[in-house]
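Please look at the chain below and follow its strands and helices from one end to the other.

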Amino acid sequence: MKFEYKPGRFYTEKDGKVIAKLIFMIGNNVVSINHTFVDPSYRGRGIAGKLMLEIINYAQEHQFMIEPVCTYAKQFFTRTDKYNDLLLK
């Protein structure tokens, strides 16, 4: 799945409708993940997880730390310790 980037968000559309998005803010070299959304008709396909990998890659490329704020982001990072070096402590 291909995600588009606009400052403060990654998203994907189908037929002109946003079906998934991740909203974030950057400050003091920290990416705060504030909102993750997947249209109900597209849930269960791993799209939210792919959005998380997109923001992880973005943070790594820019040498940012990550602060999971939204519920999904918090859950994602508690399920794995693979990215602990990126998490704001």
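## Basis and annotation

This is a predicted model, in which local features need pLDDT of at least 70 and side-chain atom pairs count only at pLDDT 80 or more, while totals for chains, interfaces and linings use all residues. Residues are numbered from 1 along each chain as its sequence is written, and side-chain values use heavy atoms, with hydrogens and water left out.

In an unreviewed entry, UniProt lists residues 1-89 and 2-88 for "domain: N-acetyltransferase"; these positions are given in the numbering used here, the feature names are shortened, and annotations may be inferred rather than shown by experiment. The span of residues 1-89 is 27% helix and 37% strand, and its end C-alpha atoms lie 31 Å apart. For residues 2-88 the end C-alpha atoms are 27 Å apart, and the span is 28% helix and 38% strand. Helices (H or I, at least four residues) and strands (E, at least two) are DSSP runs, numbered from the N terminus.

Strand S1 (residues 4-6) and S2 run antiparallel and are joined by three bridges, where two strands are said to pair if DSSP finds at least two bridges between them. Within this pairing, tyrosine 5 has phenylalanine 10 in S2 as its bridge partner. The two strands form a hairpin with two residues between them, and glycine 8, in the turn, has a positive phi of about 90°.

S2 also pairs with strand S3 (residues 17-27) in the antiparallel sense, over six bridges, and here glutamate 13 stands opposite valine 18 in S3. The hairpin of S2 and S3 likewise has two residues between the strands, and aspartate 15 takes a positive phi near 55° in it.

## A parallel pair and its crossover

Strand S4 (residues 30-38) is joined to S5 by four bridges, and these strands run parallel, with valine 30 opposite methionine 65 in S5. Between them the chain crosses from S4 through helix H1 (residues 47-62) to S5 in a right-handed β-α-β crossover; right-handed here means that, with the strands pointing away from the viewer, the path from the first strand over the helix to the second runs clockwise. Strand S5 (residues 65-68) has a covered face, made of Ile66 and Pro68, and an uncovered one, made of Met65 and Glu67.

Is threonine 36 buried or exposed? Threonine 36, which lies in strand S4, counts as buried because its relative accessibility is 17%, where buried means under 20% relative accessible area, exposed over 50% and partly exposed in between (1.4 Å probe, protein chains only). Leaving aside neighbours within four places in sequence, threonine 36 is in contact (heavy atoms within 4.5 Å) with Lys21, Leu22, Ala48, Leu51, Met52, Cys70 and Tyr72. The C-alpha atoms of threonine 36 and methionine 52 are separated by 8.7 Å, although these residues are 16 residues apart along the chain.

Threonine 12 is found in strand S2, and its relative accessible area of 8% makes it buried. Not counting residues up to four places away in sequence, threonine 12 touches Met1, Lys2, Phe3, Lys17, Val18, Ile19 and Ala20.

## Aromatic rings

How many aromatic pairs does the structure hold? There are 10 aromatic pairs; rings of Phe, Tyr and Trp (its six-membered ring) pair if their centres lie within 6.5 Å, and planes under 30 degrees apart count as stacked, over 60 as edge-to-face and the rest as tilted. Phenylalanine 10 and tyrosine 58 form an edge-to-face pair, at 5.6 Å centre to centre with 75° between the planes. Phenylalanine 10 lies in strand S2 (residues 9-14) and tyrosine 58 in helix H1, so this pair ties together parts that are 48 residues apart in sequence. Phenylalanine 10 is buried at 5% relative accessibility, and tyrosine 58 is buried at 13%.

Tyrosine 72 and phenylalanine 76 form a tilted pair, at 6.4 Å centre to centre with 40° between the planes. Both lie in helix H2 (residues 71-78), four residues apart, about one turn of the helix. Tyrosine 72 is partly exposed at 23% relative accessible area, whereas phenylalanine 76 counts as buried at 12%. One aromatic cluster is formed by Tyr5, Phe10, Phe24, Tyr58 and Phe64.
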